[in-house]
Amino acid sequence: MTPKDYYNKIANKYDEVYAKPYFQIENDFILAEIRKNCNLAIGKVLDLGCGTGMLLDEQYCADYTGVDISAMMVNLARKKHPHKYFVIDQASEYVRHIAQVGMKYDVILALFGSPSYFRKEYFYALNQIAKPGAYGYLMYYNKTHHDPYIYGMNGSDVERTGITPMEAINLAAQIKGAVTVEGHYIPDGMRKKESYPRFMIKRKLHKANKPGRRLGDSNYITLKIKWD
Ligand SMILES: C[S@@+](CC[C@H](N)C(=O)[O-])C[C@H]1O[C@@H](n2cnc3c(N)ncnc32)[C@H](O)[C@@H]1O
């Protein structure tokens, strides 16, 4: 099944699944990282693989563009955020298009596995659409970390590519900026246990993501980019 078909199929259940407390804490954790460097409220934000608009659910962004290949996911995002701008397109196509028209962004995001699905060509054009001093967070699935939740989600056969730590380092070398490759680890069992109290989930998540975590052990590999 293609990612487009897969997300069209699960779109109506997506927000319900990710409304569980565990995922909320996970979102807070990642967004807190991003906010350390980026003023999402006033910057020009591009959200590739935006899904149902999780970023806008959690964060006010005055100047926001969300791009997603799944019309069903985008329809839900539009319903929740009718005044924001969404495009139904391949991330790679859209990035190429805006590079051609010369539009540039302060923040370029692709969160929670989205870039793992994108065509590799989009990567080269990212350098052309980032303003000097812009930040990017590209959060890939880690192919070497076998997480049954990610790779065998509900027994689905969706094509998920993921990258290896070595591929992440090679991709980072193609970016004209300072790139840090960080592992981000979500302990497997926690996602399914709804009975954990919130403070315990937070503690476990922070403990599991202490600086220096080995890339190979992480279920997400995030390219954190600062364009010069
Ligand atoms: C795991 S979801 C993440 C959604 C959102 N970023 C979030 O954090 O809730 C991955 C999203 O990537 C989208 N996607 C998959 N392939 C894509 C492509 N080639 N171009 C744009 N979006 C794509 C899917 O439709 C889906 O909405």
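Strands β4 and β5 pair in the parallel sense, and five bridges hold the pairing. The model is a predicted one. Within this pair, Leu109 has Tyr137 of β5 opposite. On the side of β1, strand β4 (residues 105-110) is joined to β1 (residues 44-48) by three bridges, and these two strands also run parallel. Here Val45 stands opposite Val107 of β4.

| Pair | Sense | Bridges | Opposite residues |
|---|---|---|---|
| β4 and β5 | parallel | five | Leu109 and Tyr137 |
| β1 and β4 | parallel | three | Val45 and Val107 |

Both pairings belong to an open sheet of seven strands, in the order β3-β2-β1-β4-β5-β7-β6, with mixed pairing. Which strands stand at the edges? They are β3 (85-88) and β6 (177-184); each has a single partner strand, so one side of each is left without a neighbour in the sheet. From one strand to the next the twist averages 15°. In a regular strand, side chains alternate between the two faces of the sheet.

Helix α6 (residues 122-129) lies across β4 and β5 (130-141), and its direction makes an angle of about 150° with β5. The loop between β4 and α6 contains Phe112. The phi angle of Phe112 is near 50°, which is a positive value in a residue other than glycine. Is Phe112 buried or exposed? Phe112 counts as buried because 22 C-beta neighbours lie inside 10 Å, and the cut-off for that class is 20 or more.

Among the helices, α1 and α4 (residues 71-80) pack with their axes 7 Å apart and at an angle of about 30°. That angle makes α1 roughly parallel to α4, because angles under 35 degrees fall in that class. On the α1 side, the contact is formed by Tyr7, Asn8, Ala11, Tyr14 and Asp15, which meet Ala71, Met72, Met73 and Leu76 of α4. Sorted by class, the contact of α1 with α4 has seven nonpolar residues, one polar and one charged.

The ligand is surrounded by 19 residues, and the closest are Tyr7, Gly49, Gly51, Ser70 and Tyr117. Which elements give two or more residues to this shell? They are α1 (3-18) and β2 (63-68). Tyr7, listed among the closest residues to the ligand, also takes part in the contact of α1 with α4. By class, the residues of the shell divide into twelve nonpolar, six polar and one charged.

Glu93 has its place in helix α5 (residues 91-101). With 16 other C-beta atoms within 10 Å, Glu93 is partly exposed. Glu93 and Phe118 are 25 residues apart in sequence, and their C-alpha atoms are 9.7 Å apart in space.

For the protein as a whole, there are nine helices and seven strands. Buried residues make up 36% of its 228 residues. Of the contacts with a separation of 6 or more, 74% are between residues 24 or more positions apart.

Notes: Residues are numbered from 1 along each chain as its sequence is written. This is a predicted model: local features need pLDDT of at least 70, side-chain atom pairs count only at pLDDT 80 or more; totals for chains, interfaces and linings use all residues. Helices (H or I, at least four residues) and strands (E, at least two) are DSSP runs, numbered from the N terminus. A residue is buried if 20 or more other C-beta atoms lie within 10 Å of its own, exposed if 12 or fewer, and partly exposed in between; C-beta atoms are placed from the backbone. A residue is near a molecule or strand if its C-beta atom, placed from the backbone, lies within 6 Å of it. Ala, Val, Leu, Ile, Met, Phe, Trp, Tyr, Cys and Pro count as nonpolar, Asp, Glu, Lys and Arg as charged, and the others, Gly among them, as polar. Two strands pair if DSSP finds at least two bridges between them. Axes are lines fitted to C-alpha atoms, for helices over the stretch in contact, and angles run from 0 to 180 degrees between N-to-C directions. Two residues are in contact if their C-beta atoms, placed from the backbone, lie within 7 Å. Angles under 35 degrees count as roughly parallel, over 145 as roughly antiparallel, 65 to 115 as roughly perpendicular and the rest as oblique.
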